[in-house]
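The following note collects remarks on the local geometry and surroundings of selected residues.

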Amino acid sequence: NEKEAYYLSAIGGDLFHRDMETDVETKLLEKVHSYSLTDSHLYVTQIVDEKCVLKARLCSEDDFYEIPLTFEPLQVLAANNELFINQKKPHQVVRYCEGEETPLPIHSVKYQYLNGKIIYSDDKTFKNSSWTVKSYDLDTGAEQVLCEQVFEFGVFEEGFVVFWCRTETGSVWKIFDFETNELKQIYPSA
């Protein structure tokens, strides 16, 4: 929706909603760790009594309700009518659909969804402030290494993943194209 914006003041801070037509800003919740939005729902992980909980609300309503889980969540990502929630410890990503929790073989604090795949920084590879970024196919379970020594990454709907990477002489930007299955350096030019 181009007429609304949601944002956090900080991780563990306040979640705000801004009506872009009227420029009215409203604080929705305090102590929010993460949030994810669909066309119909807003999902948040919120710190309540020193524990993180998963909450949701219909976008058309004001009140949040808690979604019970068997674990303490850290982050939430809504995609393809499912939620992907990582556990506070050990950061394992859990697929949540219609009340059913399915742990995935992914341990990550940074992950995104793209065309039936979870793109994630593998916690098991963390070294020198960087990770190996992999994809996990939700239908087949196939994993693929996309890029190594990554500081940050971003996913584009067109099937591209961009990486800011560590090198022995500094840092570079790379792009992975799922259509060609190729990784190329884009800045500075290779």
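Where is E98 found?

1. E98 is found in the loop between strand 9 and strand 10, where strands (E, at least two residues) and helices (H or I, at least four) are DSSP runs numbered from the N terminus. Phi of E98 is near 50°, a positive value in a residue other than glycine. E98 counts as exposed, at 81% relative accessibility; the classes are buried under 20% relative accessible area, exposed over 50% and partly exposed in between, with a 1.4 Å probe and protein chains only.

2. On the basis of these remarks: this is a predicted model, in which local features need pLDDT of at least 70 and side-chain atom pairs count only at pLDDT 80 or more, while totals for chains, interfaces and linings use all residues. Residues are numbered from 1 along each chain as its sequence is written, and side-chain values use heavy atoms, with hydrogens and water left out.

3. A positive phi is also found at D23, which is not a glycine; the value is about 65°. D23 belongs to the loop between strand 2 and strand 3 (24–37). Its relative accessibility of 51% places D23 in the exposed class.

4. Two cis peptide bonds deserve a check by eye. One joins K89 and P90, with omega about 15°, and P90 sits in the loop between strand 8 (82–87) and strand 9 (92–97). Another joins Y187 and P188, with omega about -15°; Y187 lies in strand 17 (residues 182–187), and P188 is in the segment after strand 17.

5. Y187 also contributes to a nonpolar surface patch of about 430 Å², together with W164, W173 and I186. Patches are made of residues with over 30% relative accessible area and no salt bridge, like charges being joined within 9 Å and nonpolar side chains (Val, Leu, Ile, Met, Phe, Trp, Tyr) within 5 Å. A salt bridge here is a side-chain nitrogen of Lys or Arg within 4 Å of a carboxyl oxygen of Asp or Glu. Areas come from the Shrake-Rupley method with a 1.4 Å probe, and for residues only the protein chains shown count as cover. Y187 itself is exposed, at 57% relative accessibility.

6. H17 is part of strand 2 (residues 13–19) and is buried, with a relative accessible area of 12%. Its side chain makes a polar contact with the side chain of E4 at 2.9 Å. Such a contact is a pair of N or O atoms within 3.5 Å; within protein, one must be able to donate a hydrogen and the other to accept it, and residues adjacent in sequence count only if both atoms are side-chain atoms. Not counting residues up to four places away in sequence, H17 touches E4, A5, Y6, V24, E25, T26 and L28, contact meaning heavy atoms within 4.5 Å.

7. V109 occupies the loop between strand 10 (100–107) and strand 11 (111–114) and is partly exposed, with a relative accessible area of 22%. Beyond its neighbours within four places in sequence, V109 is in contact with L74, Q75, N86, H91 and D123.

8. The search of the whole structure finds 0 disulfides, a disulfide being a pair of cysteine sulfur atoms within 2.5 Å. The sulfur of C52 is 20 Å from the closest cysteine sulfur, in C59, and is therefore too far for a bond. C59 is in no disulfide either, the nearest cysteine sulfur, that of C97, being 18 Å away. C52 is buried, at 7% relative accessible area, whereas C59 is partly exposed, at 23%.
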